[in-house]
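Here are my notes for your first read-through. Keep the model open while you go, and look up each residue as it comes along.

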Amino acid sequence: MLDTVARRVTGPPLDAVGRRVAGAGIHPTTITGAGWMIGIACCLAIVGGAWGVALVLWLLNRVLDGLDGAVARQTAPSDLGGFLDILADFSIYAGVVLAVAIEVPDARLAAVSLLVAYYLSGTAFLALSSILERRRAQDHADHRSLRFVGGLAEGTETVIAYVALMVMPQHAATILWVFLAAVTITVLQRIIEGVVMLRPEPVHAPVH
């Protein structure tokens, strides 16, 4: 829901840095890999109870996630880069929730429920995106690796929810339940959008 606003704010500075990084010859996939390793370190910090360290690592992970795309736009975006970027995002999103479940026993039910919602949301997202991508084969107006299907809980909302987790771990269960509600709404939005967009056109009988 907030991704469009976030891109409008962060896009220009990321593009400026991206031009410098691309000029230095650093490949966007290298940035994706570095961001993923920092995300793993964030998860390990949570398991170790180092919430402040985890917060810094999480924010750095998100900056690098935006920077790899900015660098790719200065060079040549690739399908492999898009694939690895999505894989890195989803694995860290789930990893943070798993780490919270390990460190905060009272939040485990909420964490498992959120992971189930992630599974459903990701399935709807990828299935619908892949179908729309196939339909877009003749339309080259959108140069992203996937056709993104929006919803209430997107990347920006995830950043905010995880920051809240790391700042207020004593309220982890409540934060996860609230975010679960947002993700569940997103699942329903994507299912409804998929049904509406993919529903076959009615066939009208010829009038004699």
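1. Let's begin with a term. A salt bridge is a side-chain nitrogen of Lys or Arg within 4 Å of a carboxyl oxygen of Asp or Glu. Keep in mind that this is a predicted model. How many salt bridges does the structure hold? There are 2 of them.

2. Now find Arg62. An α-helix has 3.6 residues a turn, so residues three or four places apart point the same way.

3. Arg62 also has a salt bridge to Asp89, at 3.1 Å from N to O. Because Asp89 belongs to helix 4 and Arg62 to helix 3, this pair ties together parts that are 27 residues apart in sequence. Put together, Arg62, Asp65 and Asp89 are linked in a network of salt bridges. Are Asp89 and Arg62 buried or exposed? Both are buried, and Arg62 has a relative accessibility of 13%, where buried means under 20%.

4. On to the nonpolar core. The largest one has 43 residues, and Ile46, Val96, Val100, Tyr162 and Met166 are those with the most contacts inside it. Elements that give two or more residues to this core are helix 1 (3-23), helix 2 (28-47), helix 3, helix 4 (79-103), helix 5 (108-135), helix 6 (155-167) and helix 7 (172-198). Which helix gives the most? Helix 3 does, with 8 residues.

5. Leaving aside residues up to four places away in sequence, Val96 touches Cys42, Cys43, Ile46, Tyr162 and Met166.

6. A search of the whole structure finds 0 disulfides. For Cys42, the nearest cysteine sulfur is that of Cys43, 5.4 Å away; a disulfide would need the two sulfur atoms within 2.5 Å. Cys42 is buried, with a relative accessible area of 0%, and Cys43 counts as buried too, at 9%.

7. What about the aromatic rings? The whole structure has 6 aromatic pairs. In one of them, the ring centres of Phe90 and Phe125 are 6.1 Å apart and the planes meet at 50 degrees, so the pair is tilted. This pair links distant parts of the chain, with Phe90 in helix 4 and Phe125 in helix 5, 35 residues apart. Phe90 is partly exposed at 33% relative accessible area, whereas Phe125 counts as buried at 5%. There is also one aromatic cluster formed by Trp58, Tyr93, Tyr118, Tyr162 and Phe179.

8. Last stop: Ser129, which is found in helix 5. Ser129 is buried, with a relative accessible area of 0%. How far apart are Ser129 and Gly194 in space and in sequence? From C-alpha to C-alpha they are 9.4 Å apart, and along the sequence they are 65 residues apart.

Note on methods: Residues numbered from 1 in each chain as written. Predicted model: local features only at pLDDT ≥ 70, side-chain atom pairs only at ≥ 80, totals over all residues. Heavy atoms only, no water. Buried < 20%, exposed > 50% of the residue type's maximum accessible area, 1.4 Å probe, protein only. Core = buried A, V, L, I, M, F, W, Y, C linked by side-chain atoms within 4.5 Å. Helix = DSSP H or I, 4+ residues; strand = E, 2+ residues; numbered from the N terminus. Contact = heavy atoms within 4.5 Å. Phe/Tyr/Trp six-rings, centres within 6.5 Å; stacked < 30°, edge-to-face > 60°.
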